[in-house]
Amino acid sequence: MTVRGVLWLLLFSGAAIGVSGYTVTTSNANVQVEENKGVDLTCAHSGDFGSNVLLRWKFKDRKGSQVFVVHDGKPTAPYANRLTVYGGSNLRFTTVTRKDTGVYTCEITSGDKTQVGETNVNLTVLVPPSVPYCIVPSSVTTGRTATMYCSDESASPPPTYKWYKNNVLLPDNPSNVAGFKNATYRLNPKTGVLEFPAAAKTDTADYYCESVNSAGPAQRCRAMKMEVRKCPSHFNSKNLLLAELFLAYLTKKVYWFALPCFPVFSSRRPKRRRNCCWCNYSSAAGGPTDICHLVCQKERISACKERKQFKDERVLPPTS
């Protein structure tokens, strides 16, 4: 084949591709607008579809729910009072709210229904951060996991979260920052979760979280104190431990300050087992109100069995 023949073949192929385009486009695929203001979403299609096309606009929110905004060229009932179609296939909102944030799909179908094309427009309704909802545990025992939560569901675009310890910003990746290389916490700026896998006394501090996005000034929750408690050394003494348990027998309660030092205590009420020690404990200092079960571990097993003649097994004194 000659050079001229190859050129003619390329030109013919290009023309054929252009004829079978059936394209649907938008002039702005990412639209941002302040809340309670109007906005236009554009959609255009090639002439291949003909003049008698079927127009539909669909909307999918951030949670994945999808509804029709325009069907058969007309706004659906929920949008009829604040939406118009102009220029054949464009949308015009007179006002938008944060609930309108999501993906809008313009779908064009040819008159003979043999060709379908679509394009997407991402609409972000700008909403400044609000005061986030924060959860900070008031106390935790050394070596236990401590988890803090921060959430601002109204901000748009979705915010990122920052945590502060005694008014000092905690870096997302502490191992890369001088002064924080020995820190053991894990922070997810997208979810707002701050976790201490093994809390230490040095983690005792005031903590607060900040919600940040591009729509307005950052907002923070109030500072809350987390105290990391270390079990007193006297709990390692057998005699004093027995004295504590005997005091529980006399007063019919175990004080909350002692509970973190006993991993056998649980806030969940287990099934009642025979020949096991049971106790009630007080919630006067903020502890849970429930029944705790001493799971008859090692040195307590014999004590429980020797006291099985007691009908009331809730509080049983150990033997010396």
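**Disulfides, a sheet and a pocket**

The model is predicted, so to speak of local features we need pLDDT of at least 70, and side-chain atom pairs count only at pLDDT 80 or more, while totals for chains, interfaces and linings use all residues. Residues are numbered from 1 along each chain as its sequence is written, and side-chain values use heavy atoms, with hydrogens and water left out.

Now the sheet. Strands are DSSP runs of E with at least two residues, numbered from the N terminus, and two of them pair if DSSP finds at least two bridges between them. Six strands form an open sheet in the order 2-11-10-5-6-7, with mixed pairing. Strand 2 (30-34) and strand 7 (74-75) are at the edges with a single partner strand each, so one side of each has no neighbour in the sheet. Strand 2 pairs with strand 11 (residues 116-126) in the parallel sense, over five bridges.

Next, the disulfides. How many disulfides does the rule give? The count is three, where a disulfide is a pair of cysteine sulfur atoms within 2.5 Å.

One joins cysteine 43 to cysteine 106, S to S 1.9 Å. Cysteine 43 sits in the loop between strand 3 (39-41) and strand 4 (44-45), and cysteine 106 in strand 10 (residues 102-109), 63 residues apart. Both cysteine 43 and cysteine 106 are buried, that is, under 20% relative accessible area with a 1.4 Å probe and protein chains only.

Another joins cysteine 150 to cysteine 209, S to S 2.0 Å. Its S-S torsion is about -85°, so this disulfide is left-handed. Cysteine 150 counts as buried at 2% relative accessibility, and cysteine 209 at 0%.

There is also a disulfide from cysteine 134 to cysteine 221, S to S 2.1 Å.

Last, the second largest pocket. A pocket is an open set of points on a 1 Å grid over the protein atoms alone, where a 1.4 Å probe fits, with protein on both sides within 12 Å along at least five of seven lines; lining residues have an atom within 4 Å of a point. Which residues line the second largest pocket? They are Asp61, Arg62, Lys63, Arg98, Lys99, Thr101, Glu153 and Ser154.

Conventions: Helices (H or I, at least four residues) and strands (E, at least two) are DSSP runs, numbered from the N terminus. Buried means under 20% relative accessible area, exposed over 50%, partly exposed in between (1.4 Å probe, protein chains only).
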